[in-house]
Amino acid sequence: MSLLQTVNETILLFLPLAVTAIIVSAILWISHVLLIQRHQDDGNERLFPRQLAMLTLTLMGVIAIALSLPVSDSSRNQVIGLIGLVISGVFAFSSSTIFSNIMAGTMMRVTKPFRTGDFIQVGELFGRVVERGLLDTEIQTENRELVAIPNTLLVSTAVTVTRSSGCIVSTTLSLGYDVHHAQVETLLLQAAENSQLTDPFVQVLELGNFAITYKISGMLVDVKSLLSARSNLRKQVLDGLHGEGIEIMSPSFMNQRKVPDDGKVIPVGRQPITPSHTENVAESVVFDKAEEAEQRENAKAGLQAQIAECEQRLGDAKDEQKELLQQQLKMLKDQLKILNDTPVEQAESPAQ
């Protein structure tokens, strides 16, 4: 056999593998450009399905290359089995690696323990959800910081979620035994009502050695004002109790100054203070990105619902009405496309 024939046979033998590798590489490169590179400014929330699709395409490309290897059928099956074993081993022994975060992110997409805009607490971290990504979940804390929490931590740790339907706002305080609990309960309930909390209730938590511990709670409907509601409740408790000449002993009280036996430590001028008109500034400053992300998701959901309704009406419409519906459908799709292509920081409601 001549050298030329040997070279030709070798080329023909490896030609399917080379063609498959080129095609797979081209597909993966084009997919990466279309799915990831052109949308780098998008948040993790929108990149999640694209990243998942890219991972699936990569695994399919590896299998396609394995099928084109110039080996016997038995050897090819062994190679495919080895690839499957490696992938299974990676997923099985990756409790602290990137694959575990991917699996945790996928699982949370199915179970949906929280959504964008919800308040969550994980350990000592508390904030509003901004984005849910393939590898981590981003929250905005009370200090306006953006914190990325690995998805594995969210799956393996208890997560406290404050839903948009409402939450309980409460505060605790200690009062002396010289004040009757009925009077305290009346004042605390009034403080909760002045704080715009609904269905307030008072609990006696502890009868301590020196003071009684009370807890006043109430339902807050607008959870977006959670920080202000907590602060307002404490302010109203101070105004109500000090207005009646009742000392607050929380958490412990010690005074080394010489005062008369009937002297009380209460701020001078016990008039109720009128709430400032900037009560909700805290939320608008602290959770600005989380608020934008929630408004963006709500706007997208609203547009998708309008598009579905318009498409349903289009099937039964007459000629003139059909033309109007087609124009409306095109306008809604254009708005949805603009909303999808605009980064979170620049996104605005379609109505704006």
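**Figure 1. Helix 4 and the residue that follows it.** Lysine 112 comes after helix 4 and has a positive phi, near 50°. The model shown here and in the other views is a predicted one. For most residues other than glycine, phi is negative. The buried residues of helix 4 are Ser100, Asn101, Ile102, Ala104, Gly105 and Met108. In an α-helix, residues three or four places apart point the same way, because there are 3.6 residues a turn.

**Figure 2. Aspartate 118 in the loop between helix 4 and strand 1.** The loop that holds aspartate 118 runs between helix 4 (98–111) and strand 1 (119–122). Aspartate 118 has a relative accessible area of 2% and is therefore buried, the cut-off being under 20%. A polar atom of its side chain lies 3.0 Å from the backbone nitrogen of arginine 115. When residues up to four places away in sequence are not counted, aspartate 118 touches Gly127, Arg128 and Val129, together with Val161, Thr162, Arg163 and Ser164.

**Figure 3. Valine 129 in strand 2.** Valine 129, one of the residues touched by aspartate 118, belongs to strand 2 (residues 125–132). Its relative accessible area is 0%, so valine 129 is buried. The C-alpha atoms of valine 129 and phenylalanine 114 are 8.3 Å apart in space, while the two residues are 15 apart in sequence.

Figure 4. One aromatic pair is found in a search of the whole structure. Its members are phenylalanine 119 and phenylalanine 126, with 5.7 Å from centre to centre and 15° between the planes, and the pair is stacked. Phenylalanine 119 counts as buried at 1% relative accessibility, and phenylalanine 126 also counts as buried, at 10%. Over the ring of phenylalanine 126 sits the charged end of arginine 230, 5.3 Å from the ring centre.

**Figure 5. Helix 7 and its flanking residues.** Helix 7 comprises 18 residues, 226–243, and reaches 25 Å from its first C-alpha to its last, close to the 26 Å expected at 1.5 Å a residue. Its buried residues are Leu226, Leu227, Ser228, Ala229, Asn232, Leu233, Gln236, Val237, Leu241 and His242. Just after helix 7, glycine 245 adopts a positive phi of about 75°. Lysine 224 counts as partly exposed, at 32% relative accessibility. The C-alpha atom of lysine 224 is separated by 8.7 Å from that of glutamate 291, although the two residues are 67 apart along the chain.

Figure 6. Arginine 144 has a phi near 70° and is found in the loop between strand 3 (136–141) and strand 4 (146–150). With a relative accessible area of 45%, arginine 144 is partly exposed. Aspartate 199 has a phi near 50°, but this residue lies within strand 7 (residues 198–207). At 64% relative accessibility, aspartate 199 counts as exposed, because the class begins over 50%.

Figure 7. Cysteine 167 is buried, with a relative accessible area of 11%. Cysteine 310 is likewise buried, and its relative accessible area is 3%. No disulfides are found in a search of the whole structure. The chain has 352 residues, of which 34% count as buried, and contains ten helices and eight strands. Of the contacts between residues at least 6 apart in sequence, 63% join residues at least 24 apart.

Notes:
Residues are numbered from 1 along each chain as its sequence is written. This is a predicted model: local features need pLDDT of at least 70, side-chain atom pairs count only at pLDDT 80 or more; totals for chains, interfaces and linings use all residues. Side-chain values use heavy atoms; hydrogens and water are left out. A disulfide is a pair of cysteine sulfur atoms within 2.5 Å. Buried means under 20% relative accessible area, exposed over 50%, partly exposed in between (1.4 Å probe, protein chains only). Rings of Phe, Tyr and Trp (its six-membered ring) pair if their centres lie within 6.5 Å; planes under 30 degrees apart count as stacked, over 60 as edge-to-face and the rest as tilted. A charge sits over a ring if NZ of Lys or CZ of Arg is within 6 Å of the ring centre and within 35 degrees of the ring normal. Helices (H or I, at least four residues) and strands (E, at least two) are DSSP runs, numbered from the N terminus. A polar contact is a pair of N or O atoms within 3.5 Å; within protein, one must be able to donate a hydrogen and the other to accept it, and residues adjacent in sequence count only if both atoms are side-chain atoms. Contact means heavy atoms within 4.5 Å. The expected span of a helix is 1.5 Å times one less than its number of residues.
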